[in-house]
Amino acid sequence: MPVPPGGYRNAQMPSVLLIEDDAPIRTSLTRSLRDRGHAVSSAPTALDGLRSAVEDRPDLIVLDLGLPDMDGADLLRMLRAVSRVPVIVPTARDGEADMVRLLDAGADDYVVKPYSAAQLDARIRAVLRRVGTGRTDTSLSVGTLRVDAGTREATLDGAALDLTPREFDLLHYLAARAGQVVTKRELLTEVWRLPYGGTDKTVDVHLSWLRRKLGETAQRPRYLQTVRGVGVRLTAPSSPGE
């Protein structure tokens, strides 16, 4: 499906492709960025990364330069020939000339090694805000509940909800499918990115936390309706006081 310029392919969360050959770094960053609300895929080589960039169309790429099959700067130029996807380059080269060369080659931003996952996350969010200027409304409304994927903010009756990244992802996924029954297996696959693992208990616990923040309980639901033996459905209350 075509993606509008500056629009997220995945309405639930921004998708990030991590091109990094070091397995421990790749695993650590993937886990950390997922915990911060990103849908992360990874590739260990330049050619794998190029293929993923073309086929999967991520919202942003984090591109390490020290790849085993090709210099990362060469891959960056190849990416720019086929895609406008934003690219952040982690680099140990902190000289001005090196930074200018990377930006001229097509990088949207860079982060100097060593760096933390929090720092990289901040860079990712900043770049996505820049490229997202002018994109269509990213908010969803269900009753008096409003969920905005662009700002990652949710409000109920005009008051901000204090949600963790995972709670926001869960709420947004359900709001995007308002009125539909969503299974717990689907939530584990799409929200937790655990297609072959995880337990329903994980979903149950987060739904319980989310209900508490929405001011309801499983016994007295307003928005989150349990469909026994099937899953959960987010719907607007039939009346404001319900």
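**Terms and their grounds**

Guide: Let us begin with threonine 199, found in the loop between helix 7 and helix 8. Please note that the model is predicted.

Visitor: Why is threonine 199 called partly exposed?

Guide: Its relative accessibility is 45%. Buried means under 20% and exposed means over 50%. The value for threonine 199 lies in between, and therefore threonine 199 counts as partly exposed. The C-alpha atom of threonine 199 is separated by 7.9 Å from that of leucine 188, eleven residues apart along the chain.

Visitor: What makes aspartate 64 count as buried?

Guide: Aspartate 64 has a relative accessible area of 4%. The limit for buried is under 20%, so aspartate 64 is buried. Aspartate 64 lies in the loop between strand 3 (60-63) and helix 3 (72-82).

Visitor: Which residues does aspartate 64 touch, not counting residues up to four places away in sequence?

Guide: They are Ile19, Glu20, Asp21, Gly72, Pro90 and Lys113.

Visitor: How do you know that the span of helix 1 agrees with what it should be?

Guide: Helix 1 (residues 23-35) has 13 residues, and at 1.5 Å a residue these should span 18 Å. The expected span is 1.5 Å times one less than the number of residues. The end C-alpha atoms of helix 1 are 18 Å apart, so the two values agree.

Visitor: Which residues of helix 1 are buried, and what covers them?

Guide: Arg26, Leu29, Thr30, Ser32 and Leu33 are buried in helix 1. Their cover includes strand 1 (15-19), strand 2 (39-43) and helix 5 (117-131).

Visitor: Why are strand 6 and strand 9 called edge strands?

Guide: They belong to an open sheet of four strands, in the order 6-7-8-9, with antiparallel pairing. Strand 6 (139-142) and strand 9 (159-160) each have a single partner strand, so one side of each is left without a neighbour in the sheet.

Visitor: What joins strand 6 to strand 7?

Guide: Four bridges join these antiparallel strands, and serine 141 stands opposite arginine 146 in strand 7. Strand 6 and strand 7 form a hairpin with two residues between them. In the turn, glycine 143 has a positive phi of about 60°.

Visitor: Which strands make up the open sheet of three strands?

Guide: The order of that sheet is 10-12-11, and the pairing is antiparallel. Its edge strands are strand 10 (181-183) and strand 11 (224-227), each of which pairs on one side only. Neighbouring strands of this sheet are turned by 35° against each other on average, direction ignored. Strand 11 and strand 12 (residues 231-234) pair over four bridges, and glutamine 225 has arginine 233 in strand 12 as its bridge partner.

Visitor: Which helices pack on this sheet?

Guide: Helix 6 (residues 165-175) packs on it, touching strand 10, strand 11 and strand 12, and its direction makes about 75° with that of strand 12. Helix 8 (residues 200-213) also packs on this sheet, touching strand 11 and strand 12.

Visitor: What makes up the largest nonpolar core?

Guide: This core has 26 residues; those with the most contacts inside it are Leu145, Leu171, Leu174 and Leu187. Among the elements that give two or more residues to it are strand 7 (145-148), strand 8 (153-156) and helix 7 (184-190). The largest share, six residues, comes from helix 6. Leucine 174 is in contact with Val182, Leu187, Leu207, Leu224, Val232 and Leu234, leaving aside its neighbours within four places in sequence.

Visitor: Which residues does the second, separate core include?

Guide: That core of 21 residues includes Leu63, Val87, Val89 and Leu102.

How values were computed: Residues are numbered from 1 along each chain as its sequence is written. This is a predicted model: local features need pLDDT of at least 70, side-chain atom pairs count only at pLDDT 80 or more; totals for chains, interfaces and linings use all residues. Side-chain values use heavy atoms; hydrogens and water are left out. Two strands pair if DSSP finds at least two bridges between them. Axes are lines fitted to C-alpha atoms, for helices over the stretch in contact, and angles run from 0 to 180 degrees between N-to-C directions. Contact means heavy atoms within 4.5 Å. A nonpolar core is a set of buried Ala, Val, Leu, Ile, Met, Phe, Trp, Tyr and Cys residues joined through side-chain atoms within 4.5 Å. Buried means under 20% relative accessible area, exposed over 50%, partly exposed in between (1.4 Å probe, protein chains only).
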